[in-house]
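Dear colleague,

I am passing this structure on to you, and my notes on it follow. Please read them with the model open beside you.

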Amino acid sequence: MTPPERPDPRTLADLPAIPRDDEGPVFREPWEAQAFAMAVKLHEAGCFTWREWADRLAQEIRAARERGDPDPGTTYYRHWLAALERLVAEKGLVGGEELARRKAEWESAARETPPGRPIELRREG
Amino acid sequence: MSDQHPQGHGHGGTAHPHGAPLSDVQLRVKALESLLTEKGLVDPAALDELIETYESRVGPRNGARVVARAWVDPEFKRRLLADATEAIAGMGYIGRQGEDMVVLENTPRVHNLVVCTLCSCYPWPVLGLPPVWYKSAPYRSRAVIDPRGVLREFGLELPEEVEVRVWDSTAELRYLVLPERPPGTEGMSEEELAALITRDAMIGTAKVQPPARARREARG
């Protein structure tokens, strides 16, 4: 395993330590669970093989490390989501532009929603 | 038309009191999920059910039951070591990804340690989802280049004469360590034994500890 190209001293200091946990919850935030479940369900629906999935995920993780992410395990589902976005685009299921447009719609819906209310996406019918 | 989407599903909704109510990743997940749902590729209820399964129903207990049975039933252990996929499926624990399972037996001379150097392939059906440290770069890289150092960090010092074998998981092949049955557990039931077996012992970063009562009796 090669260390990042330009090691930040703090990163180097972090590297040897393996983060530990006490069999706590497997997801840190709800979105991680959603991203996880989407990949599993798309695989079950035959949209891609698990080999294809594992390859894309490994690519994302490798690319993140090359960018200098110390990759302490807590960013794992970020890589998972990036891999999923890439794979659904490659498979022609959801394109990158379509995804960006929808993200912007959610963003403005969220901005216009008062705190405490469920965020709903309103579109012209 | 308003688009239905799941709110929370019991993970504790996050409050967003200030100007940026949703993070970048939250927005990306919502965008992807709503598009996949509209295209009929995923069903939000099925997503929630899967999450519920992994959050509360699957966990290292399945693996602990496999190990405990192998400790008390020599015929099961023989089948487990010969064809783990089939023996584990026989207990009802079946992989969703069509992966094969291999069980690695720890002995007084050989200690097995499991890693996935590329991502974090992990035997979900028996251990649930991987802990943070298993997914971390330090573990993924150091387990291979310095396994004894990694084990020391986990508080496990192995004698020099014990051979450490490191196994790199893949999308198709997942490993489960069959730890050694600790002393002082003679006469314990399968269920009592299963309660002693930890997730880390089945990854290979720990040994199964004897029960406290058994330790006291051994000393006294």
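**Surface and rings**

Chain B has an accessible surface of about 10,000 Å², and 51% of that belongs to carbon and sulfur atoms (areas by the Shrake-Rupley method with a 1.4 Å probe, where for residues only the protein chains shown count as cover). Please bear in mind that this is a predicted model, in which local features need pLDDT of at least 70 and side-chain atom pairs count only at pLDDT 80 or more, while totals for chains, interfaces and linings use all residues. Residues are numbered from 1 along each chain as its sequence is written, chains are lettered from A and ligands numbered from 1 in the order in which they are written, and side-chain values use heavy atoms, with hydrogens and water left out.

Of the 220 residues of chain B, 54% are buried (under 20% relative accessible area, with exposed over 50% and partly exposed in between, 1.4 Å probe, protein chains only).

Over all chains there are 20 aromatic pairs (rings of Phe, Tyr and Trp, the last by its six-membered ring, with centres within 6.5 Å; planes under 30 degrees apart are stacked, over 60 edge-to-face and the rest tilted). The rings of W133(B) and F154(B) have centres 4.7 Å apart and planes at 65°, so this pair is edge-to-face, and both W133(B) and F154(B) are buried.
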